[in-house]
Amino acid sequence: MRQSWDEYFMDITRKVAERSTCDRAFVGCVLVNSDHRIVSTGYNGSVSGNPHCIDVGHTMRDGHCIATIHAEMNALLYCAKEGISVKGCTAYVTHFPCLNCTKSLIQAGITRIVYENSYRIDDYALELLNRNNIEVIKIAN
């Protein structure tokens, strides 16, 4: 049986997550437009050209690795750098987006989020997603 689009893109998202360079969590994000075309991918890792956590260890502050840029932000920032619109796109993410990534996805024009792992789901993130009519789907893993 042929996979659904959500299953197909989530498989790709899992593969993207394997590139993560912060081993506290292997997170991937794939941004897909309404024509089912991949617009951007991102994984969590250090700022380009800087040492990776997997090589030098983590830079921890308040329980978070501050050297890491989240997968969603890396996908969005690539589009910003290259002038690619993400308005109306779906964000496929391996883990539910943190509050800051949720706000950024909403602000960038993402209209749908498909995720696999329920990781630290923030109540205010859920409120914002609901208030902004962002469709959120948890896909079975």
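Buried means under 20% relative accessible area, exposed over 50%, and partly exposed in between, with a 1.4 Å probe and protein chains only. Contact here means heavy atoms within 4.5 Å. Helices (H or I, at least four residues) and strands (E, at least two) are DSSP runs, numbered from the N terminus.

Helix 1 has 13 residues (residues 5-17) and should span 18 Å at 1.5 Å a residue; its end C-alpha atoms are 18 Å apart, which agrees. The expected span is 1.5 Å times one less than the number of residues.

Because the model is predicted, local features need pLDDT of at least 70 and side-chain atom pairs count only at pLDDT 80 or more, while totals for chains, interfaces and linings use all residues. Residues are numbered from 1 along each chain as its sequence is written, and side-chain values use heavy atoms, with hydrogens and water left out.

Five strands form an open sheet with mixed pairing, in the order 2-1-7-8-9. Two strands pair if DSSP finds at least two bridges between them. Strand 2 (38-43) and strand 9 (135-138) stand at the edges; each has a single partner strand, so one side of each is left without a neighbour in the sheet. The twist averages 15° from one strand to the next. Angles run from 0 to 180 degrees between N-to-C directions, and axes are lines fitted to C-alpha atoms, for helices over the stretch in contact.

Strand 8 (residues 112-117) pairs with strand 9 in the parallel sense, over four bridges. Tyr-115 has Lys-138 in strand 9 as its bridge partner. Helix 3 (residues 71-82) packs on the sheet and touches strand 1 (28-32), strand 2 and strand 7 (90-95). The direction of helix 3 makes about 135° with that of strand 2.

Glu-72 lies in helix 3. UniProt lists Glu-72 under "active site" in an unreviewed entry. UniProt positions follow the numbering used here, feature names are shortened, and annotations may be inferred rather than shown by experiment. Glu-72 is buried, with a relative accessible area of 3%. Not counting residues up to four places away in sequence, Glu-72 touches Cys-29, Val-93, His-95, Pro-97, Cys-101 and Leu-105.
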